[in-house]
Amino acid sequence: MESPTNSPTLSVSPLAAASTEVRARGGLLGWGSNRYAQVPVDEDDNHEQPHEATGTVLSSTTNITNTILGSGMLAMPKALSSTGLSLGILLIFICGVASSFGLYLLTLCANKIGRNSSFFLVSKATYPVAAIWFDLAIAIKCFGVSISYLVIIGDLVPSILHSMYPGNDSSSLLFSKVFWISVAMALLIPVAFAKQLNSLRHTSALALCAVVYLLAIVLGNFAFAGNGEHGMPTRPDWSDIVWFKIDSEFFRTLPIFVFAFTCHQNIFSVHNELIDNSVSNVGKVIQLSIGTALVVYQLIGITGYLTFGNSVGGNIISMYPPSSIITGGQISLAFLFLLSYPLQCHPARASLEKVLTGGNPAIQMTDFRFGAITSGLLLGSYLIAISVDDLSTVLSLVGATGSTAICYIFPGLLYYKLRIVTDPADESKKWDLMKLCAVGLAGFGCIFMVLSVGLQVSAILSGGKAGGGH
């Protein structure tokens, strides 16, 4: 009998095409009534080395939470002003729940495949022809986000120095975007080569300290800063607060909510590396991570909006009067983006390896290939970051397609098809709530992708900047 605390792994046998026998844990997985189901994954497809299980709920939650929290925090007050306070609060909650459901569906798929699960192996078992394309979408999305982090650092640090030393020569090396991106890259090299996601738990914990600092700034100014004093604006009257608004600005803002909880590219690594990687234990990681992000987004969004009203800008930290505390917050944000980079590099490398090898099971991930792919990602992101001034349009389109696919479309489609693969009779059975919700999630993702891309293209054609990517 299987251990109740560990998900089953793909069996290794001398057969060329071995099937995988896995247990459906008392109906928790929601597909079929069979006690055992067959996942037709060739043993050669599972060519990765077994993962050493070192992760805990705390370390995994830290990494996933750090993956989620990023620039969306800074834009959330502005997002609430564009949708209305009550509607914005509801949208944060709905998108958090939808993202959590997508993570849960991927966890169920990972549990069916085993401890070496990945997007690639689940795709091979469900949509074999599209498996490489799934990984390509993940690689491009994560690579694009990693570039955006470097660009933000390159813009943020010089602006911090300008506020600290306003009389200095702006042409100095210390005020150079290229210099600070180069410094960031040098600092990133050691952590970018970490082979396990769990190895990044300490840097993620440090990055989350920046989140706490930002939260303290927003809440502190809301609670204690004088009304119209010390450089702060006069608080808006309750009559000026917009509670519900749907217009063109609403649709341009919607991607901020939808992409705010993107972290699905790392859920397979969490499943593989957790010591106890049962569905319930991974579920704890999902609940804690999404729950933490929900609280942070709601607190920053609500208090930031109530502090500045409808005049709030797209970067809440820039709204406060200059001070050493605000400068410290900007510095902490630079560290947040710096330490979030490896969490994008990790899944990008895993997916890119599948793309470059064509998913060939005979080609294993050697140390040389690991180093070469990682070096390529570092060098590529560095060269692009120092070469361009504005990536907002490209990154917004990547977010509109890649993030939507990873968060909503892939989880729904993979779960639906894997149920049929493991239990062919399930296709003819009456649809249950899990199957309906999974297909609904994928359908929402497809609709939103079309809407989001259309908005980005419309903004480009009208001469404006696209926005909303994560």
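Student: Before we start, what does buried mean?
Tutor: Buried means under 20% relative accessible area, exposed means over 50%, and partly exposed is in between. Also keep in mind that this is a predicted model.

Student: Which residue forms an aromatic pair with Y408?
Tutor: That's F444. The two rings are edge-to-face, 5.4 Å centre to centre, with 85° between the planes. Y408 belongs to helix α13 (residues 392–422) and F444 to helix α14 (residues 433–461), so their pair ties together parts 36 residues apart in sequence.

Student: And what about F444, buried or partly exposed?
Tutor: F444 is partly exposed, because its relative accessible area is 37%.

Student: How many aromatic pairs are there?
Tutor: The count comes to 10 aromatic pairs. One of them is Y149 with F337: the ring centres are 5.7 Å apart and the planes are at 35°, so this pair is tilted.

Student: Where in the chain are Y149 and F337?
Tutor: They come from distant parts, 188 residues apart. Y149 is in helix α5 (residues 131–164), while F337 is in helix α11 (residues 324–357). Y149 is buried at 4% relative accessibility, and F337 is buried at 2%.

Student: Which rings are linked into a cluster?
Tutor: F119, Y127, F134, F268 and F410 are linked by ring pairs. Another ring to look at is F370, where K195 lies over the face, at 5.3 Å from the ring centre.

Student: Switching topic: how many disulfides are there?
Tutor: A search of the whole structure turns up 0 disulfides. Take C142: the nearest cysteine sulfur belongs to C345 and is 9.5 Å away. A disulfide needs the sulfurs within 2.5 Å, so C142 is in no disulfide.

Student: What about C407, how far is the nearest cysteine sulfur?
Tutor: For C407 the nearest is the sulfur of C263, 7.1 Å away, and C407 is in no disulfide. C142 is buried at 0% relative accessibility, and C407 is also buried with a relative accessible area of 0%.

Student: Now helices. Which helix is L85 in?
Tutor: L85 is found in helix α3, residues 85–113. With 4% relative accessibility, L85 counts as buried.

Student: What does L85 touch?
Tutor: Leaving out residues up to four places away in sequence, L85 touches L80, I241, V242, W243, I302, Y305 and L306. I302 is 217 residues from L85 along the chain, yet their C-alpha atoms are separated by 7.3 Å.

Student: Why is α3 described as largely enclosed?
Tutor: Because 22 of its 29 residues are buried, α3 is largely enclosed by the rest of the structure.

Student: What span should α3 have?
Tutor: At 1.5 Å a residue, its 29 residues should span 42 Å. The end C-alpha atoms of α3 are 43 Å apart, which agrees. Just after α3, G114 takes a positive phi of about 125°.

Student: Last one: how many helices and strands are in the chain?
Tutor: There are 14 helices and 2 strands. Of the 470 residues in the chain, 53% are buried. Among contacts with a separation of 6 or more, 82% come from residues 24 or more positions apart. The chain exposes about 19200 Å², with carbon and sulfur atoms supplying 67% of that.

Key:
Residues numbered from 1 in each chain as written. Predicted model: local features only at pLDDT ≥ 70, side-chain atom pairs only at ≥ 80, totals over all residues. Heavy atoms only, no water. Helix = DSSP H or I, 4+ residues; strand = E, 2+ residues; numbered from the N terminus. Buried < 20%, exposed > 50% of the residue type's maximum accessible area, 1.4 Å probe, protein only. Contact = heavy atoms within 4.5 Å. Expected span 1.5 Å × (residues − 1). Phe/Tyr/Trp six-rings, centres within 6.5 Å; stacked < 30°, edge-to-face > 60°. Lys NZ or Arg CZ within 6 Å of the ring centre and 35° of its normal. Areas by Shrake-Rupley, 256 points an atom, 1.4 Å probe, with all protein chains shown as cover.
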